[in-house]
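Subject: Structure for your review

Dear colleague,

Please find the structure below, together with its sequence.

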Amino acid sequence: MKEFDNLLKQAIQNDKLPFDANPAIEIRLQNRFALNAKKHRLFSNSFAGIFQLLFSPNYIGYKAAFVAVVISCGIWFHHSENLTSVTQTTDTVAIYNHSVFDTTSTQAVDSICR
Amino acid sequence: MKLRKTQYKKLSDEKLMQLISNANMKAFNELYGRYKQRLLYYFYRMLGSSQEKAQDFLQDIFMKIIDNPESFDTKRKFSTWIFSVAHNMCKNEYRRLEVRKAVTLDEQTDSFADIFNDNQLDLNNFTNQLYNELNKLDEAHRTAFLLKYREGFKIKEISKALNCSEGTVKSRLFYTVKKLSQKMECYRNTCT
């Protein structure tokens with residue numbers, strides 16, 4: 001029995017696998033390890049979280065304040081644009097729109113300044 | 001902790017697991033290198049000599065380590081822990097399959113006995129015959145046998161890995177060897 005036991009041990013110890021571990025497994029494991037190490041996680045829909053945060057009642061005060069600030073800024077900028085584009089009337093001695101007409105016919109120029 | 005590649009080789013499995021918990025990839029590579037062949041062999045022999053399954057299970061067990069390294073209690077011995085995880089994976093697989101395919105193995109046994117009519121002991125044939133007989137036993141006996149004869153585990157370590165008493169392990173080993181010696185009587189005669 002002792003010899004048989006030794007034979008079993010010998011047979012099992014000398015037994016070799018007809019193949020090796022697939023090298024692709026090691027690469028996959030390394031990628032997974034690197035991913036986990038950086039605390040990255042993959043989600044099926046990465047936009048879901050953002051939309052959920054936008055439309056949820058959480059932080060409603062901050063969201064309302066942000067919207068109010070955006071609207072106020074919009075109104076103020078619109079108003080300031082109108083102020084700068086107002087036409088201002090000024091008097092001058094110079095002749096404006098002085099035109100030279102290249103024509104043989106007499107042109108009636110309705111103007112008080114010459 | 002920054003270490004050179006050669007220094008990782010000197011570290012114990014348990015220390016490597018600690019480093020893996022701290023996201024040290026070199027420690028993981030070292031541990032994978034140490035255990036890939038051992039686990040591959042274990043899965044191959046436990047899962048009906050299926051090469052594909054052995055590769056898949058090897059990947060799965062290391063994925064478990066990567067995803068949850070904290071599940072390993074550093075006070076325990078790593079080798080017994082990893083083989084207990086491997087054993088549980090095999091048990092789950094058996095449950096999934098429910099029925100083991102022993103019929104095909106029975107057919108092989110008869111033809112195999114003819115090779116040994118001249119009582120010439122060929123270790124390769126002996127090993128094949130051994131696994132044919134071993135596959136007919138249930139997974140608990142097979143695991144105990146592999147851990148003892150292949151991995152060289154002590155009875156205490158096997159009992160920890162399989163989560164059973166030392167007496168149960170001894171009984172399983174005794175039964176397995178006795179069964180094998182009965183089934184492989186032609187080889188036993190050549191030994192005596």
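How many salt bridges does a search of the whole structure find over all chains? The search gives 10. Please bear in mind that this is a predicted model. Side chains of opposite charge can pair when their charged atoms come close.

Contact between the chains

A salt bridge joins B:Arg45 to A:Asp15, with 2.7 Å between the closest N and O atoms. This pair crosses between chains: B:Arg45 belongs to helix H3 (residues 25–46) of chain B, while A:Asp15 sits in the loop between helix H1 (2–14) and helix H2 (23–37) of chain A. B:Arg45 is buried, at 10% relative accessibility. A:Asp15 is buried as well, with a relative accessible area of 9%.

Pairs within chain B

In helix H3 of chain B, B:Glu30 and B:Arg34 are 4 residues apart, which means that about one helical turn separates them. Their side chains form a salt bridge at 2.9 Å, N to O. B:Glu30 counts as buried because its relative accessibility of 14% is under 20%. B:Arg34, in contrast, has a relative accessible area of 23% and is partly exposed. Both residues also take part in a network of salt bridges that links them with B:Lys9 and B:Asp13.

A further salt bridge connects the side chains of B:Lys77 and B:Glu157, at 2.5 Å from N to O.

Nonpolar patch on chain A

Which residues form a nonpolar patch on the surface? They are A:Phe47, A:Ile50, A:Phe51, A:Leu54 and A:Phe55, and together they have about 610 Å² of accessible area. One of them, A:Phe55, lies in helix H3 (residues 48–55) of chain A. A:Phe55 counts as exposed because its relative accessible area of 68% is over 50%.

With kind regards

Conventions: Residues numbered from 1 in each chain as written. Chains lettered and ligands numbered in written order. Predicted model: local features only at pLDDT ≥ 70, side-chain atom pairs only at ≥ 80, totals over all residues. Heavy atoms only, no water. Salt bridge = Lys/Arg side-chain N within 4 Å of Asp/Glu carboxyl O. Helix = DSSP H or I, 4+ residues; strand = E, 2+ residues; numbered from the N terminus. Buried < 20%, exposed > 50% of the residue type's maximum accessible area, 1.4 Å probe, protein only. Patch = residues over 30% accessible without salt bridge, like charges linked within 9 Å, V, L, I, M, F, W, Y side chains within 5 Å. Areas by Shrake-Rupley, 256 points an atom, 1.4 Å probe, with all protein chains shown as cover.
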